[in-house]
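Trainee: Could we go through this model together? I would like to know what stands behind each label we put on it.
Mentor: Gladly; ask away.

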Amino acid sequence: MDLSKLSETIVKGQIDEARELTEEAARSGVDVQEIMNQGLIVGMETVGQKWKNDEMFMPEVIRSAKAMSGALDIIRDELDKSGSGAGTMVIGTVAGDLHDIGKNLAAMMFEGAGYKVINLGIDQPNEAFVNAVKEHKPKVLGISALLTTTMARMGEIINGLKEAGIRDEVTVIIGGAPVTDDFAQEIGADIYAPNARAGVERAEEFFKAK
Ligand code: B12
């Protein structure tokens with residue numbers, strides 16, 4: 001099956017068509033990892049590029065993200081089963097911050113890379129991150145912040161992990177528009193990622209080097 005058509009529905013933000021093509025691909029036996037990587041992620045990467053080049057605007061990006069997550073819902077169970085057993089990731093957006101498009105993209109990329117992803121959602125208090133690490137014992141904790149006024153929560157969460165004595169049990173990766181490599185080092189995060197794909201790549205590099 002030609003998965004470029006599926007990518008196109010994501011780029012165009014065609015929510016129903018994206019679900020239908022995903023269903024069709026899964027029914028006709030296309031591997032869910034392939035649907036994810038060759039169809040959905042390729043589509044969303046195009047959206048990212050177009051957004052960067054001012055060829056797409058925010059309402060369109062939001063529609064594309066909705067098309068992607070609707071399609072992903074259809075293959076999520078299979079994706080979990082077929083997961084390469086990469087491990088668990090907990091991810092969320094910090095307290096006071098309602099931005100979730102980038103965080104959800106990062107979640108999808110990690111899901112595509114075989115992680116079981118527990119998405120806490122937006123506006124999550126520091127304790128929610130710490131408690132989720134205690135409860136789910138993830139390999140990776142992803143934290144997202146899009147506001148200069150909320151990015152300080154990231155360091156507080158890391159301190160919370162230290163206080164709970166579980167800092168060394170999880171790899172912390174941070175992302176979001178105002179976040180930088182320097183900031184990541186300053187607060188003691190393990191990895192900074194400028195975008196969702198780099199997040200997966202840098203996590204893989206980090207674990208290889210460990
Ligand atoms: C869409 C948007 C909104 C939407 C959010 C909708 C939603 N569901 O997310 C709405 C309208 C709600 C909103 C509200 C506000 N927003 Co706003 N928003 C944006 C906008 C235009 C786009 C953000 C976005 O989705 N980008 C697309 C995604 C794909 O990119 P991304 O989020 O950066 O994520 C990528 C990477 O950063 C990375 N990433 C992100 N998180 C993570 C996490 C991990 C673990 C990893 C690995 C990677 C990763 O991967 C992603 C994909 O590659 C930005 C402008 C901009 N250029 O960023 C402003 C922006 C972030 N908003 C801003 C502001 C000020 C606000 C408001 C305060 C506005 C207001 N006065 O009400 C409120 C605050 C609400 C709140 N409490 O959070 C400012 C922040 C300024 C600052 N420096 O603090 C920005 C920069 C706009 C500006 N230039 O002024 N906003």
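Trainee: Why do you say that the ligand shell lies between domain 1 and domain 2?
Mentor: Keep in mind that this is a predicted model. Domain 1 (4–82) and domain 2 (87–209) both give residues to the shell around the ligand, so the shell lies between them.

Trainee: Which residues and elements make up that shell around the ligand?
Mentor: There are 29 residues around the ligand, and the closest are Gly-102, Gly-142, Gly-175, Asn-195 and Gly-199. Two or more residues come from each of α4 (58–82), α5 (101–112), β3 (140–144), β4 (171–175) and α9 (196–209). With five residues, α5 gives the most. By class, the shell has 14 nonpolar, 12 polar and three charged residues.

Trainee: What makes up the largest nonpolar core?
Mentor: That core has 63 residues, and those with the most contacts inside it are Leu-40, Met-154 and Ala-189. Each of domain 1 and domain 2 gives this core at least three residues. Leu-40 touches Leu-6, Ile-10, Ile-35, Met-68, Ala-71 and Leu-72, leaving aside residues up to four places away in sequence. In soluble globular proteins, nonpolar side chains tend to be buried together.

Trainee: Why is Gln-38 called partly exposed?
Mentor: A residue needs 20 or more other C-beta atoms within 10 Å to be buried, and 12 or fewer to be exposed. Gln-38 has 19 other C-beta atoms within 10 Å, so it is partly exposed. This residue is found in helix α3.

Trainee: And what makes Asp-168 exposed or buried?
Mentor: Asp-168 has 8 other C-beta atoms within 10 Å, and exposed means 12 or fewer, so Asp-168 is exposed. Its place is in the loop between α7 (152–163) and β4. From Asp-168 to Gly-188 it is 20 residues in sequence and 11 Å in space, C-alpha to C-alpha.

Trainee: Why is β3 described as largely enclosed?
Mentor: Five of the five residues of β3 are buried, so the strand is largely enclosed by the rest of the structure. Val-140, Gly-142 and Ser-144 point one way, Leu-141 and Ile-143 point the other way, and all are buried. In a regular strand the side chains alternate between the two faces of the sheet.

Trainee: How do you know which strands are at the edges of the sheet?
Mentor: The open sheet has five strands in the order β2-β1-β3-β4-β5, with parallel pairing. The edge strands are β2 (115–124) and β5 (191–192), as each pairs on one side only.

Trainee: What makes β1 and β3 count as paired?
Mentor: Pairing needs at least two bridges. β1 and β3 have five bridges in the parallel sense, so the pair qualifies. One example is Ile-91, whose bridge partner in β3 is Gly-142. Five bridges also join β3 to β4, which run parallel, and there Ser-144 stands opposite Gly-175 in β4. β1 (residues 87–94) and β2 pair in the parallel sense over seven bridges, with Gly-87 opposite Tyr-115 in β2.

Technical notes:
Residues are numbered from 1 along each chain as its sequence is written. This is a predicted model: local features need pLDDT of at least 70, side-chain atom pairs count only at pLDDT 80 or more; totals for chains, interfaces and linings use all residues. A residue is near a molecule or strand if its C-beta atom, placed from the backbone, lies within 6 Å of it. Helices (H or I, at least four residues) and strands (E, at least two) are DSSP runs, numbered from the N terminus. Ala, Val, Leu, Ile, Met, Phe, Trp, Tyr, Cys and Pro count as nonpolar, Asp, Glu, Lys and Arg as charged, and the others, Gly among them, as polar. Domain bounds come from an automatic or database domain assignment. A nonpolar core is a set of buried Ala, Val, Leu, Ile, Met, Phe, Trp, Tyr and Cys residues joined through C-beta atoms within 7 Å. Two residues are in contact if their C-beta atoms, placed from the backbone, lie within 7 Å.
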